[in-house]
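Here is a short tour for a first look. Please keep the sequence and the 3D view at hand.

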Amino acid sequence: IIQVLRLPTSTTNTFTQEQVTLWSETCQLITTLCKFDDFRSAEEKTASVASAHGINVSCAHDHVMEFFRVGIVPVLYDIISYSLQERSATTIEKGNDDENEEDIMDVKLAASAISATRVLAVNDEIVQCLVAVGILKSAKIALDAGLLENEKEKEEEKGDKREAVKIHLTSSSLGLLRNLCGNDEIKTTLCLGNTESSSSS
């Protein structure tokens, strides 16, 4: 999974839609593996092999720690940075009258990568690592872009596909910020704000 997500050394390359789709789906796989889901029905819980042996716990946390140990954080950050690079971010924020499929794919990739990052933020060590690579700035860019574009779409009545992708981007960004706020220091910084953190993050 890590090897699939690793970008080439130069992220200025133009990647095919197939590559972007592969990265998006790989990020979705990480989200599925690492997302704790205790909302399963009683039938689903009792039907599992683990439950049959008296073990009714989620493996999500183990998956998160294993991904963290093999260095998933900088890899996901590179994916997010690529998908929200200045060219794409400008297109998102200003809107594009021509419904460009490549732009939609980039935003979908950003949303998927942010969702994968969100489910990884389960303890202080991982949160601090995420903040150290600059995830707060990326989350703010994604949130701002998604909110701005969603407002434009309401006014201009754009297509459902583009709107759904931007809603996914916005909700993923909010979810990431919520999980990062599990760390009291980050929560205080986000709530109160200060010039030093805003310039460095």
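Which residues are buried in helix H5 (residues 60-69)? They are Ala60, Val64, Met65, Phe67 and Phe68. Buried means under 20% relative accessible area, exposed over 50%, and partly exposed in between (1.4 Å probe, protein chains only). Because these residues cover an arc of only 160° around the axis, they lie on the same side of H5. The arc is that of the directions from the helix axis to the C-beta atoms. After H5 comes Gly71, with a positive phi near 90°.

## Basis of the model

This is a predicted model: local features need pLDDT of at least 70, side-chain atom pairs count only at pLDDT 80 or more, and totals for chains, interfaces and linings use all residues. Residues are numbered from 1 along each chain as its sequence is written, and side-chain values use heavy atoms, with hydrogens and water left out.

## Overall make-up

The protein has 13 helices and zero strands. Helices (H or I, at least four residues) and strands (E, at least two) are DSSP runs, numbered from the N terminus. Of the 201 residues, 41% are buried.

Contact means heavy atoms within 4.5 Å. Among contacts between residues at least 6 apart in sequence, 79% join residues at least 24 apart.

## The core

The largest nonpolar core has 48 residues. Such a core is a set of buried Ala, Val, Leu, Ile, Met, Phe, Trp, Tyr and Cys residues joined through side-chain atoms within 4.5 Å. Leu5, Trp23, Ile72, Leu120 and Leu180 have the most contacts inside this core. Elements that give two or more residues to it include H5, helix H6 (72-83) and helix H11 (160-180). Helix H8 gives the largest share, 11 residues.

Take Leu180. Leaving aside neighbours within four places in sequence, Leu180 is in contact with Ala121, Val127, Leu130, Ile135, Leu136 and Ile186.

## Salt bridges

Side chains of opposite charge can pair when their charged atoms come close. A salt bridge is a side-chain nitrogen of Lys or Arg within 4 Å of a carboxyl oxygen of Asp or Glu. The count comes to three.

Arg69 pairs with Glu66, the closest N and O atoms being 3.0 Å apart. Both lie in H5, three residues apart. Arg69 is exposed at 56% relative accessibility, and Glu66 is partly exposed at 42%. Asp144 pairs with Lys140 at 2.8 Å. These two are four residues apart in helix H10, about one helical turn. Asp184 and Lys187 form a salt bridge at 3.6 Å, N to O. They sit three residues apart in helix H12 (residues 184-192).
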